[in-house]
Structure formats: C-alpha cells, structure tokens
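Thanks for asking me to look this one over. My notes follow as numbered points, so that you can go through them with the structure open beside you.

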Amino acid sequence: MSAISGNQATKNVHHYAAAQEALTEIPLGSPVVPKRARQPQDLSVGDDEQPAPGDGCGWHFCFSGRCVQHSRTAKWLLFWMCWAAAVQGMVVNGFINVSITTIEKRFNLMSRSTGIIASSYDIASLLVVIPISYLGSRPGASKPRWLGIGLIVMGLGSFVFLLPHFAVPAYEGKINSGTDGQAPQNLCIGPDSKRDNCGSTSDGSWLSDFFYVFVAGQMLHGFGATPIYTLGMVFIDESVPLIQSSYYLGIFSAMSVVGPAVGYGLGGQLIKIYIDAPAVDPVDLGLTSSSARWLGAWWVGFFIAGSLSLLVAIPVLLIPAVVVRKDVPPATRPTPDPDAIDAVTASGVTGFQHLDGFCRSSKELLTNITFIFLSVAEATEGFIISGMAAFMPKLLERQFGIAASSALVDEKILHACAIAVPAGGGGTFLGGWVIKKLRMGCSSVLRLCFVVSIFVTLTCFAFFIHCPDNVFAGINTHYDGLSSMSTPEMESSCNLDCGCTDVAFSPVCGANNVIYYSPCHAGCTHASTGDQKQMFSECRCLAELPGNASGEAGAHLLPHQATPNLCPNDCGFLGLFIAAVAVVMSATFFISMPSVNGTLRCVETENRGLALGLQAISFRVLGSIPGPLLFGIAIDQACVLWGEACGVAGACVAYDNLHLSRYMFALCFVVKMISTIGFFIAWRSSVAVEASKTPLASPTIDATTARAYDNPALDST
C-alpha cells in the first residue's frame, strides 16, 4: 500500500485487470453480456485528432488551440495517468514510510500514533470510494475532472503534511555548552545551577499536538488518490480498443510499483540532508548523518510530491470527458448488429437498477463460504503488507543499529530496495503465470493459495533474527557494570549531583562503547566542536563502567570523552534478514493473483463486480487500516524506556531487541495462521461445491471461444 512491503494501489489494479480478463471469454451460445459500457462514438471517425464538438482538449474559454488536440489520444491519457499513479505511490508508499522514524523523534510521537497516521490514508479512501465511483460514473460525468480535482486534493494533502516543519522553531541539534552566555541544557552543571529549557518552546512538550495535522494531511492524500484507482482505470479501459485494455492497464500497474521505489530511494537521500538546511549548516553544529541527534529533511519529499501532483493535475484537467478510440481501420470494422444491440439492452446487465437485485446478490455473496473465507485470507495479507510497509525502516534501524539518516541509503538497504520491488512484482507475475500454465480450476487455485500460505507462515520465523542490545547504562546494565538490570535507573553516584531530571534524550557514546542517555547522565561537564564534530569531555561516569575501549567508537577518543552518536552495532545478521524478507514478500505477492482468480471463479458471473468491491472494503477494514496500528502497538510493547523532558513523555528511546523480534514474530505468525486457515476452508468448501454439482450432459461445443472484442454488439458501444 510498497517498495519493501508492497502497495494496496497495485492490488486494486490487479483486481481490476483480473476481472477484465475473466470476463473476456464468453462461450458460444451464451447470452450477450457487455464487458463495459462505452460512450457512443462515430465509427466513421478515423483520425483521432479531430475531436467531436464539445469533446476537444483544453479549457474552451482560454486554452483549446489545435495544437492541444494532438494530445487527445489514449496514449497521452495513459502517460498522464502513469504520472498520477507514480506520484501517489511515491508519497503514500514511499515518503511516508521513509519519514516515520524522523517524524516520531521530531514531534515526540509513539509508534501507535504513527501507525494511525499511516492508516488514515485507507480510512479516508474507504469513506469516499463508493460516492466517488458512483458520481464519477454517472452519464454525463467528466472523469478527467474528478481525476484532476483528486490530484489537486492529494497535492494539498502533501503541503498540509509538511506544515508542522514550518510551524515549529528550528531543531536544536547541537547541545548547548553554555559558552554563549546561556545555561547549558544537557551537560552536568551541578546541583546549585538551574536549567532554563523547561517552560519554553524549546522543551518540545507541545510538539505531539501536530499529530492531528499529519492525520489531516494523510486523509487528504486518501481523498485525492481514490479516483486514480477507481475512475482512472475505468477511463483508461473506456478509451482504448478492447483488445489493448490489459496492455494499457499493465503499464499503469507497473508505474504504481515504480512510484514507491522512487519514493524510498529519493526519500532515503533526502534524509541525509539536515532538517533545517540550508538555513542551518550541520557542520557548525558538529553533526554528521551518523550522529544520534541528526534529523533529516523529511519534509522536502512532500514538497516535491505536492508540486508534482498540482502540475500533473493541469494536463489531466485538459483531457476531454470522452477520448475517441482509434479502432481498427474502417474497412475491417464489423457492422453493428441491431438485434445484438437490442439483446444487450434487454439483458438488463447494466448494474443494479433495483434495491432487491443488490440485496439478492449481497445475500448470495455473504452466504458463500468460499468467498467469505477467501476475503478474510486476503484481508490478513493486507494486514501484513501495510504493517511492514509502515514500520520496516524503523525495525531495521532498531534491530540492526542503522542510524535513521542512513536506514534506507546504506548500501545493504539499497540492496534490500532493489530486491523488494522485483520480488513483489515478480511474485505477482509468477502467480498469474502458474495458473495459466497449469490451467487450474477454482479448487486447484485455492489449494495453491493454501500451500503457498503455509510456506509464508513458516517464513515468519525470520523475525527471530535479531542483534543483541547495545550496552546502555542505566537501562540494561548498571553504571558500575557489575550486573544487568530489569528496571531502568538513570541516576548513579557519578551523575547524582548533575541535575539531570529535566534533560531531554540526547544519547552519547563513550570511549568505553557504552551508550548514555545524555551527556549529563554520562557526567560530562564540557562540550566542544572541532573537526566538524561535537565532543564531550570530563565525563565522570565513563570511569565507573570500563566497557570495551577497543571498539570502533573508543579507538579515537580519550578515556573521559564521548561523542553524540549511537555506538556501532557489529551484528552481521542484516543481510540474512533482508534475504528472508525478500522471500516473504515474493511469496506473499505470489498469492495475490491466484486469490483474485479464485474470487472470480467462486461467485456467479453477475456478482463478480460486487464481490471485488466487497473484498476491497474488507481489505481495508480488516487489513490495511488496523495493520499499521497494531504493528505500532506491538513495537511500543518492546519499549524499555520512554523519553521524557520537563515531565512530558515523548517517543521511545530504547527497545529490547529480543522482545521486539518476538512481538513481530507473534503478530506475523498469528495473522498468517488466520490467512492459512482461511485459504484452507475456502479450498475445502470449493471442493464440496464442485462435488455437489450435478454433472451435465456433454454437449457438442465448438472449440472456438468467442471473445468480447469479437462481438459486434459490444464493439459498437
């Protein structure tokens, strides 16, 4: 809804494309059923550069010259829709996920809060998907107008999302040493000194209130992006020859995957830029991208995405309501059969014209055991995908000691992104290819889903891969280093008279390779900036906890010095974990096309559209909405120390890696077990249904299969 964990938007495209493919083949002798409703068109028009009256490109009151009419083609429509899909994926499934950790730290948010922010997109989309689909599909409605307005709303959502950055004072990345006449904030200043950081705007106690602004921005993203994957796909389908529809939608689907990949890559590079650059030079603060107090320019990506959304909205709004198809040459076009056209109208397959038809179809679906449990299984897949997309960068940072600024630009993480995108796309393609190659029936498809789901459930054991915790004074080891501890205790004899009660979390790594909550808690009394980095000295607590002075951090420091960085973690399991995640992703996306195919085959033909609609709703309600929230809660449960300044709780500052891996495994395993059970019940119920059907007499059937695009009645509408 992703580079590392996929994307709900891509799943919508797969649903629609699979439905179209399933409805393309109509056995000879069957009633004529329209694949889709098309706008009436003059079949004698051979040059699609000559628009019908009122159907030209542009805004007729100011911008409708002849040169603009050359863009009134299906190819230009696809071009701009691909841009729209790429921008949507870039911001929603790229920049949001990359920025989660930075936003947590900057605005003192819990993981459950950022989980709600991530889920707000699907909540908003769920609220408006039905009215937008209905209003935008009415006769006379202009789909490009809905799409253009949606892009504008999505762009405004990006600008709203970045507003908190400009509404708060500049980030204080440097620890004040008191040499500029101000009282030092994070150093050991003695019991008789008084700090002045509480009660001012710099204490950060009010920053968490911007949570609601982030939710508002994400909901605008959801409102604006909804037309792209509902009306947009229909508009593309209506504007191209029927035989080319799958080709065009396939390109559109590919761009929806490229967007998140670009978002992850570009977002990772932007995080390497200091948050307040260019107004503040991090060199003057003695900070580097590996410093613990470093925060990257998370907001720049949303500015780029918002600007692109508004720019793409302009050509989309220029597209006419009807893009006249450039069909086959007039000499080879079939002559419309009036009787066939009347049969299409008389068949009544034009949607639910009466409430009783809708209620009857809904009842059939809700009493279809195969459909119900297949929908539950698909929803749980969405749960895993959305949760991993939102928190995988943070999990990599916490479990494997990767700094936030480099969590997605480190060479190994770039490899992860390079693996994740083709793993998801390749898994989806392979799933569809296997069905086609083996010519599977409904029960065989569901059996395949069940078997692969068992394998994916076993891959959840990959979450057991974790690194040991760094030595953190006062959290997992006493200051004297003689024993471990279960309850954090930040005070010791070495810092008891430093007045560290109201000091904010600003970790330092001592020469002994031990992490301290702040320079004050390390007993540091002096700070200096030299060689483009900040240094703390006269740290009294380092002598009490010898640690490992031969490590990477201690190799360049004197015994009483510390740096504002996290101590390096020498764990070598990152590559193994990335490979395991790639397997999980590939197998998860492998199931996507077979499950959609199974849905289309386990329901009646006239109920397929409603079935996919109900599955889309259940996918959000049971999957992509609660997924990030519950993943965030699970991560918070592994927190061993919450940041606190001036009596106000903030974001978690230290996690227990063992508990974090166990909570992630438990959540993944339970959800995947539900998915596996759902696929199993759906498979067995489909077998029972097939066995209960009375075998029909073998009629003589022509081996030739009539396709929808060979039907004169359908080709004429």
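1. In which helix is the place of Thr-459? Thr-459 belongs to helix H14, which covers residues 442–459. Please keep in mind throughout that this is a predicted model. With a relative accessibility of 13%, Thr-459 counts as buried, because the cut-off for buried is under 20%. Once neighbours within four places in sequence are set aside, Thr-459 is in contact with Val-583 and Val-584.

2. Of the 17 residues of H15, 12 are buried, so the helix is largely enclosed by the rest of the structure.

3. Phe-214 deserves a look of its own. Not counting residues up to four places away in sequence, Phe-214 touches Ile-103, Phe-107, Leu-109, Ile-117, Phe-161, Pro-164 and Trp-298.

4. Next, the packing of H2 against H5. The axes of helix H2 (residues 74–107) and helix H5 (residues 211–225) come within 13 Å and cross at roughly 175°. H2 and H5 are therefore roughly antiparallel to each other. On the H2 side, the residues that meet H5 are Gln-88, Val-91, Val-92, Ile-96, Ile-103 and Phe-107. H5 meets them with Phe-214, Gln-218, His-221 and Ala-225. The residues of this contact divide into 7 nonpolar, 3 polar and no charged.

5. How are H2 and H3 oriented to each other, roughly parallel or roughly antiparallel? Helix H3 spans residues 111–136, and it packs with H2 at an angle of about 170°, with the axes 10 Å apart. The two are therefore roughly antiparallel to each other. Gln-88, Val-92, Ile-100 and Glu-104 of H2 make the contact with Ser-111, Thr-114 and Tyr-121 of H3. Here the residues divide into 3 nonpolar, 3 polar and 1 charged. Gln-88 and Val-92 of H2 are listed in the contact with H5 and in the contact with H3.

6. Gly-263 is buried, with a relative accessible area of 0%. Gly-263 and Val-92 are 171 residues apart in sequence, yet 8.6 Å apart in space, C-alpha to C-alpha. Leaving aside its neighbours within four places in sequence, Gly-263 is in contact with Met-90, Gly-94, Phe-95 and Val-98.

7. Beyond neighbours within four places in sequence, Phe-223 is in contact with Ala-124, Val-128, Ile-132 and Val-153. Phe-223 and Leu-151 lie 72 residues apart in sequence and 9.4 Å apart in space, C-alpha to C-alpha.

8. Finally, some backbone details to check. Most residues other than glycine have a negative phi, and most peptide bonds are trans. A cis peptide bond joins Ala-277 and Pro-278, with omega about 5°. Pro-278 lies in the loop between helix H7 (245–270) and helix H8 (282–285).

9. Two residues other than glycine have a positive phi: Asn-513, near 60°, and Glu-538, near 55°. Asn-513 sits in the loop between strand S2 (508–510) and strand S3 (515–516), and at 15% relative accessibility it counts as buried. Glu-538 is in the loop between strand S5 (533–537) and strand S6 (562–563), and at 42% relative accessibility it counts as partly exposed.

Conventions: Residues numbered from 1 in each chain as written. Predicted model: local features only at pLDDT ≥ 70, side-chain atom pairs only at ≥ 80, totals over all residues. Heavy atoms only, no water. Helix = DSSP H or I, 4+ residues; strand = E, 2+ residues; numbered from the N terminus. Buried < 20%, exposed > 50% of the residue type's maximum accessible area, 1.4 Å probe, protein only. Contact = heavy atoms within 4.5 Å. Axes fitted to C-alpha atoms, helices over the stretch in contact; angles between N-to-C directions. Parallel < 35°, antiparallel > 145°, perpendicular 65-115°, else oblique. Nonpolar A, V, L, I, M, F, W, Y, C, P; charged D, E, K, R; others polar.
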